[in-house]
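Good morning, everyone. Please take a moment with the sequence and the structure before I walk you through a few of the features.

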Amino acid sequence: MKNNYTRGVMMALGTAVLWGGMSPLAKFIGTQGVSMVSVMCYRAVLVVILMSLYLRYSLGPGWYRIGRSLMRTYVFLGFLTVVMNACGFMVSCFYLTVPQALMLHYTFPLVTMAGSYFITHEKPSKMQIAAGFMIVGGLYVGFMGQEGGMLSVSPAGLLWALASLIGLSGQTLVSRRILMGGATNPLIQLFYVHLFGGAMLIAGKSVLMGWGDLRAIDGAVFALMQYSALGAGLLGFGFMFNALKRIPASLVSLICTLELVFALIITPLVLGLYPTGYELAGCAIIMAAVACATVQKKAEK
């Protein structure tokens, strides 16, 4: 049990590391004139192709056969994971600063902890609940301490961040529920989530936006798209789904907020943009909350 817990924590941490590079890279790609939706469509297609080849090799023919009930769950998860969470977050990074996007995105542990009580029937510890409210305190310091407070935040960015928040919390809870029961393989889930979510995204972009932005893709942008697909998409979500099979959704959500650390390290290197003192203080409070909740939960094992 202890080893299972440790592996789950390490996998969730791996997700945080891999996702940490996405916010500054999404900001850079957006400034080059390429839609974040196009980047997500490419990610979905590549993940589906690679996972189908791997599953055929590792599980043999017929690996794709699943029941109708599970199929409906995967369609719903595809919408939550690819359309709302991943796409919403990447677009919000274009309208908001990187610390703003991340701080809003990582209010999701509170939503996940509230939902876990009813959906997965896992009661968060008192320390995890306290950590969730510490995260809210970090958000207040990070946003309200700067000039203009919340009035300086882009409304479009807020809406996209809200969509991402709902998608990430819902994805985490639904995934935990089906994975903890052993009803599905995390790698098969990874395939179907990107298959259905990617299909929705491609259809929506074809009708509503078109594909004219693809002309802006150059060598640098295309290279960064590989990180989005292989690093944040294939490995990041793969680690997350495997972590959710081993540890509660509330704990996974708290560990994933450590994405803030890696994003704040990478952003100045990639964009040359430095966070404000208030943004750093807000992020520090959030990271301290995660550390307290994780250590306390491990001590209970």
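Predicted model: local features only at pLDDT ≥ 70, side-chain atom pairs only at ≥ 80, totals over all residues.

Is V45 buried, exposed or partly exposed? Its relative accessibility is 39%, so V45 counts as partly exposed, where buried means under 20% relative accessible area, exposed over 50%, and partly exposed in between, with a 1.4 Å probe and protein chains only.

Residues are numbered from 1 along each chain as its sequence is written, and side-chain values use heavy atoms, with hydrogens and water left out.

V45 sits in helix α3, which spans residues 36-59, a helix being a DSSP run of H or I with at least four residues, numbered from the N terminus.

Turning to how helices pack, α3 meets helix α10, residues 219-244, at an angle of about 55°, and their axes lie 9 Å apart, the axes being lines fitted to C-alpha atoms over the stretch in contact, with angles from 0 to 180 degrees between N-to-C directions. The two helices, α3 and α10, are therefore oblique to each other, since angles under 35 degrees count as roughly parallel, over 145 as roughly antiparallel, 65 to 115 as roughly perpendicular, and the rest as oblique.

Finally, consider V98, which belongs to helix α5, residues 98-105, and which, at 4% relative accessibility, counts as buried. Between V98 and Y274 there are 9.6 Å in space, C-alpha to C-alpha, although they are 176 residues apart in sequence.
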